[in-house]
Amino acid sequence: METAKGVSNMVLAHEIIVNSDFQVKPAAPPEGSLEHKVKEIMHKAFWECLEAQLTDEPQTYGHLIKLLAEIKETLLSFVMPLNVRLRTQIEEVLDLPLIQQQAEKGAVDIGQLSQFIVMTMGSQCAPCRDEDIRKLKEITEIVPLLKAIFSVMDLMKVDMANFALTSLRPHLMQQSVEYERSKFQEFVEKQPNALDFTEKWLEDTVRSLRETDGSTAASSDPPAPLSAVNVHNKAYIRLLKWDHASDPFPETILMDQVRFQEMYLEAERLVLLSSVLLIIYTTTGEAISGLPGLMDTLKNTVSALLADMNTPSFDAEEALATIGERMCVELSKCLSQHGYSPYAPDRRSILKGQISATILPGNTIRKLMESRVQNYLLASLDSNQHNAPPPLPGGLAPVSKEVKELGVRFSRLVNFNKLVFSPFYQKIFSKVLTSEESPGAET
């Protein structure tokens, strides 16, 4: 349990740092779940009991006092410590012993207390809650009003938590590397074999690079020594084509597994998009080269048809066939407008066939564009030290903005991971690389 708590804190801190859009969300059990049903039944019973207490003769205020105590505590949590005047006012108006005495005499003015509560909530809430406060002021019945007050207060608690996160993020960023590293060290000390998958990930990368070097080098030449930095960067590239279903993800990257999956899907989309555009311009030739606005038109059309590419219902074969038809129509119209001969049927057939062929994993053009995207991402890791983006490989100009954004996301995530886990990686490299490769110096 102690280890799990430490890991949970590490994951939360990591999420705050790497995800600028991270926010706390209201806790809500899934619709139809047992927890949802129990919660609904208990809440309904509570509010019905409160209404019975306030309508029976004589009236009883046991539930009401408990509610006011909780409301008072929540209101005080919203008020900044330096706002002494408002804190004093809350203490005086929601004086629970006094309210208890008034309740015993049947002299509690619930309406006046409710108005004060709503007014105080309105002074402390975020602007996005103004409409909720306005609706509270329109409720006249006591029990529905109290019920609505608690609902809005729950939202305000979430707002306050997100405000606290925003305030905390700059301070946390200064300490995040050391914090995550120390938490992971605690995890490693308590869990034997905690780096098994990380070691396998790096060992497999070294083995793959040595096999590649061995197949390309002359048989008489000794294999070139592997650099720890190059091995490490190539290992991160491998994560973009990871078999998540059958191969366990490295422990040091586990917190970012979903992000690497998302970047892989985005890279696949850009590879297919750039492949189709390259085929169009290669097949059609100089007739459309340099025509203003045509590239954007074709790109937007293809992008729209590939929008659902990463969904289970996407039919790649059908989508590429549709893209081929649409491209023939667009190109025929464009050629006619600029005085060129109509798009001949044989050229239409060739274009549609080449576009449809990009669905094949071994397609030459698709493999070429995939290699160029991966090389750009790899170069982005090296160029990060010089604060200058790497040159864009040929054929990626139509998707330059998207590829560059992907490169920035990828390099930031990788370099942060390196900073946090560098001591662990150094130890692993000292095992998997030979001593002559100087892994410690390279890392």
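First, a term I need: rings of Phe, Tyr and Trp (for Trp, its six-membered ring) count as a pair if their centres lie within 6.5 Å. The model I'm looking at is predicted. I found that the structure holds 12 aromatic pairs.

**Entry: Phe-184 and Phe-187.** I looked up this pair and got a tilted one, with 5.8 Å from centre to centre and 45° between the planes. Both residues sit in helix 8 (residues 142–190), 3 residues apart, which is about one turn of the helix. Buried or partly exposed? I checked Phe-184 and Phe-187. Phe-184 is buried, because its relative accessible area is 3% and the cut-off is under 20%. Phe-187 comes out at 22%, so I noted it as partly exposed.

**Entry: Phe-184 and Phe-421.** This pair is edge-to-face, at 4.9 Å centre to centre and 85° between the planes. It links distant parts of the chain: Phe-184 is in helix 8 and Phe-421 is in helix 16 (residues 400–432), 237 residues apart. I have both down as buried. I also saw that Phe-184, Phe-187 and Phe-421 belong to one aromatic cluster, with Trp-201 and Tyr-236 among the other members.

**Entry: helix 3 and helix 5.** Next I turned to helix 3 (residues 62–78) and helix 5 (residues 96–104), whose axes come within 11 Å and cross at roughly 160°. Angles over 145° count as roughly antiparallel, so that is what I wrote for these two helices. The crossing is right-handed. Which residues of helix 3 meet helix 5? I listed Ile-65, Leu-68, Ala-69 and Lys-72, which meet Leu-96, Ile-99 and Gln-100.

How values were computed: Residues numbered from 1 in each chain as written. Predicted model: local features only at pLDDT ≥ 70, side-chain atom pairs only at ≥ 80, totals over all residues. Heavy atoms only, no water. Axes fitted to C-alpha atoms, helices over the stretch in contact; angles between N-to-C directions. Helix = DSSP H or I, 4+ residues; strand = E, 2+ residues; numbered from the N terminus. Parallel < 35°, antiparallel > 145°, perpendicular 65-115°, else oblique. Left-handed = near helix turned anticlockwise from the far one by under 90°. Contact = heavy atoms within 4.5 Å. Phe/Tyr/Trp six-rings, centres within 6.5 Å; stacked < 30°, edge-to-face > 60°. Buried < 20%, exposed > 50% of the residue type's maximum accessible area, 1.4 Å probe, protein only.
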